Amino acid sequence: MKILVVEDERRLADSLGALLRQKGFAVDVVYDGEAGQQYAALGVYDLLILDVMLPKLDGFTLARQLRASHLGTPILMLTARSGLEDRITGLNAGADYYLPKPFDARELMACVNALLRRQGAQVDALTFGNTALDLSSATLVRGDAAVRLSAKEFEVMRLLMAAGRRNLSKEAILTKVWGFDSEAVENHVEVYIGFLRKKLLSIGSDVRIASIRRLGYHLEVTEDDSETATEIRSL
C-alpha cells in the first residue's frame with residue numbers, strides 16, 4: 001500500500017512518514033499543495049493525507065481539483081481548524097474523513113486502516129475478458145486453468161486489470177510497483193510485461209496486453225471486439 005502525505009509542517013510531515021513506514025506502508029511526503037497535486041495526479045497512491053493550510057494550494061482546493069479530475073483515492077484531511085463549518089467544507093471538497101489536530105497516533109492509524117479497508121475489503125477478484133485475477137492468491141485464472149504470479153507480476157497485473165482499456169504509462173507502473181526511490185528503470189516494466197504476456201498465453205486467456213508508444217499499456221480482448229469492462233466481483 002502506498003500513501004502520499006501533503007503537510008507543510010515539516011517535523012509533523014516527516015513524523016507521519018516515519019510512523020506509516022514503520023507500519024509497513026510505502027510513503028511519499030511533500031510540503032506544499034502544488035507538489036501534492038503533481039504527485040497525487042500520478043494515480044499511484046492508495047490513500048492521500050492532506051493538511052488544509054498548505055502553501056501554494058490549500059487542501060480544500062486540492063481535494064476539489066483531484067475529485068474534479070475523477071481521482072477516487074481516499075482522502076484523509078488533517079487540520080487545526082476543527083469547527084463544524086470547516087469539517088463540512090472539507091467533506092464537501094471530497095475528503096473521506098476529517099481529523100482535527102492534535103491527534104493521537106493510534107487515532108490516525110485507525111483512520112488510515114478504516115479508509116483502506118473501505119477501499120478494498122469487498123474486492124475479491126478483477127476480471128477482464130475470460131480471465132480473472134484472484135487477489136487473495138495472486139493467481140490468474142481462465143476457466144480450469146490457473147497460474148501463480150510473483151509479487152511484482154501480481155502488482156503490475158493488478159494495475160492493468162483495474163485500468164482495463166485505459167492506458168497506464170511505464171512511469172506510473174514503475175512508481176506504483178517499485179516506488180519513487182527505487183533504482184528500477186522502465187526496462188523493468190517491459191520485462192514484467194513480457195512475463196505476464198507469456199503467463200496469459202499459458203492459460204489460454206483471450207486477454208492481450210497492448211502497448212502504445214509513449215502512452216504505455218492497456219488490456220484488450222483478442223477474439224471479442226464487444227465492449228468489455230473491468231468487472232469487480234464482491235465477497
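In the predicted model, helix 6 and helix 8 are roughly perpendicular to each other, because angles from 65 to 115 degrees fall in that class and their axes cross at roughly 80 degrees. The two axes come within 10 Å. On the side of helix 6 (residues 151-163), the contact is formed by Lys152, Glu153, Val156, Met157 and Leu160. Helix 8 (residues 186-202) contributes Tyr192, Ile193, Phe195, Leu196, Lys199 and Leu200. By class, this contact comprises 8 nonpolar and 3 charged residues, with no polar ones.

Lys170, Glu171, Ile173, Leu174 and Trp178 make the contact from helix 7, and Glu186, His188, Val189, Glu190 and Tyr192 make it from helix 8. The contact of helix 7 with helix 8 divides into 5 nonpolar, 1 polar and 4 charged residues. Tyr192 is listed in the contact with helix 7 and also in the contact with helix 6.

Helix 7 is largely enclosed by the rest of the structure, because 7 of its 9 residues are buried. The buried residues are Ala172, Ile173, Leu174, Thr175, Lys176, Val177 and Trp178. After helix 7 comes Gly179, which has a positive phi near 95 degrees.

A pair of aromatic rings is described by the distance of the centres and the angle of the planes. The structure holds 2 aromatic pairs. In one of them, the ring centres of Trp178 and Tyr192 are 5.5 Å apart and the planes lie at 65 degrees; the pair is edge-to-face because this angle is over 60 degrees. Trp178 has a relative accessible area of 17%, so the residue is classed as buried, the limit being 20%.

The other pair joins Tyr192 to Phe195, with ring centres 5.3 Å apart and planes at 80 degrees, so the arrangement is again edge-to-face. Both residues belong to helix 8 and are separated by 3 positions, about one turn of the helix. Phe195 counts as partly exposed, because its relative accessibility of 36% lies between the limits of 20% and 50%. Through these ring pairs, Trp178, Tyr192 and Phe195 are linked into a cluster. Phe195, like Tyr192, is listed in the contact of helix 8 with helix 6.

An interaction of a charge with a ring involves Arg10 and Tyr31. The charged end of Arg10 sits over the ring of Tyr31, at 3.8 Å from the ring centre.

For the protein chain as a whole, 8 helices and 12 strands are assigned. Of its 235 residues, 45% are buried. Among contacts with a separation of 6 or more, 59% are between residues 24 or more positions apart.

Note on methods:
Residues numbered from 1 in each chain as written. Predicted model: local features only at pLDDT ≥ 70, side-chain atom pairs only at ≥ 80, totals over all residues. Heavy atoms only, no water. Phe/Tyr/Trp six-rings, centres within 6.5 Å; stacked < 30°, edge-to-face > 60°. Helix = DSSP H or I, 4+ residues; strand = E, 2+ residues; numbered from the N terminus. Buried < 20%, exposed > 50% of the residue type's maximum accessible area, 1.4 Å probe, protein only. Lys NZ or Arg CZ within 6 Å of the ring centre and 35° of its normal. Contact = heavy atoms within 4.5 Å. Nonpolar A, V, L, I, M, F, W, Y, C, P; charged D, E, K, R; others polar. Axes fitted to C-alpha atoms, helices over the stretch in contact; angles between N-to-C directions. Parallel < 35°, antiparallel > 145°, perpendicular 65-115°, else oblique.
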